[in-house]
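Here are some exercises to work through with the model open beside you. Try each task first, then follow the solution step by step.

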Amino acid sequence: MTKNIGSLDRILRIVVGVALIAATVTGTIGVWGWIGVVPLATALMGWCPPYAILGFNTCSTKQK
């Protein structure tokens, strides 16, 4: 798995994931907020399966 998530994309995924999980834990939203685990996990791995399938890459890699 090569990384396909860039810095800004990663930060946004972490913020959204943590916000959804926090809102679920505090009872602000329902159980569907646990879906925040998905963007959080992809941000921590640096790899997004849909990006790989669709050929997207927000990671700025140096090409030789």
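Contact here means heavy atoms within 4.5 Å. Helices (H or I, at least four residues) and strands (E, at least two) are DSSP runs, numbered from the N terminus. This is a predicted model, in which local features need pLDDT of at least 70 and side-chain atom pairs count only at pLDDT 80 or more, while totals for chains, interfaces and linings use all residues. Residues are numbered from 1 along each chain as its sequence is written, and side-chain values use heavy atoms, with hydrogens and water left out.

**Exercise 1. Describe how H1 and H2 pack, and list the residues that meet.**

Step 1. Two packed helices are described by the angle between their axes and the distance between the axes. Axes are lines fitted to C-alpha atoms, for helices over the stretch in contact, and angles run from 0 to 180 degrees between N-to-C directions.

Step 2. For H1 and helix H2 (residues 37-45), the angle is about 145° and the axes lie 7 Å apart.

Step 3. The crossing of H1 and H2 is left-handed, a term for a near helix turned anticlockwise from the far one by less than a right angle (clockwise gives right-handed).

**Exercise 2. Find which residue forms a salt bridge with Arg13, and which residue's side chain joins that of Arg13 in a polar contact.**

Step 1. Look for a salt bridge, that is, a side-chain nitrogen of Lys or Arg within 4 Å of a carboxyl oxygen of Asp or Glu. The count comes to one.

Step 2. The partner is Asp9, with the closest N and O atoms 3.0 Å apart. Arg13 and Asp9 are four residues apart in helix H1 (residues 7-25), so about one helical turn separates them.

Step 3. Check burial: buried means under 20% relative accessible area, exposed over 50%, and partly exposed in between (1.4 Å probe, protein chains only). Arg13 is buried at 13%, and Asp9 is buried at 15%.

Step 4. Now the polar contact (a pair of N or O atoms within 3.5 Å; within protein, one must be able to donate a hydrogen and the other to accept it, and residues adjacent in sequence count only if both atoms are side-chain atoms). The side chain of Thr42 joins that of Arg13 at 2.9 Å. Thr42 lies in helix H2 and is buried, at 8% relative accessibility.

**Exercise 3. Which residues does Phe56 contact, leaving aside neighbours within four places in sequence?**

Step 1. Locate Phe56 in the segment after helix H3 (49-54); at 47% relative accessibility, Phe56 is partly exposed.

Step 2. The contacts of Phe56 are Asn4 and Tyr51. Phe56 and Asn4 are 52 residues apart along the chain, yet their C-alpha atoms are separated by 7.2 Å.

Step 3. Turn to Asn4, in the segment before H1, which is buried at 4% relative accessibility. Beyond its neighbours within four places, Asn4 touches residues including Gly46, Trp47, Cys48 and Cys59.
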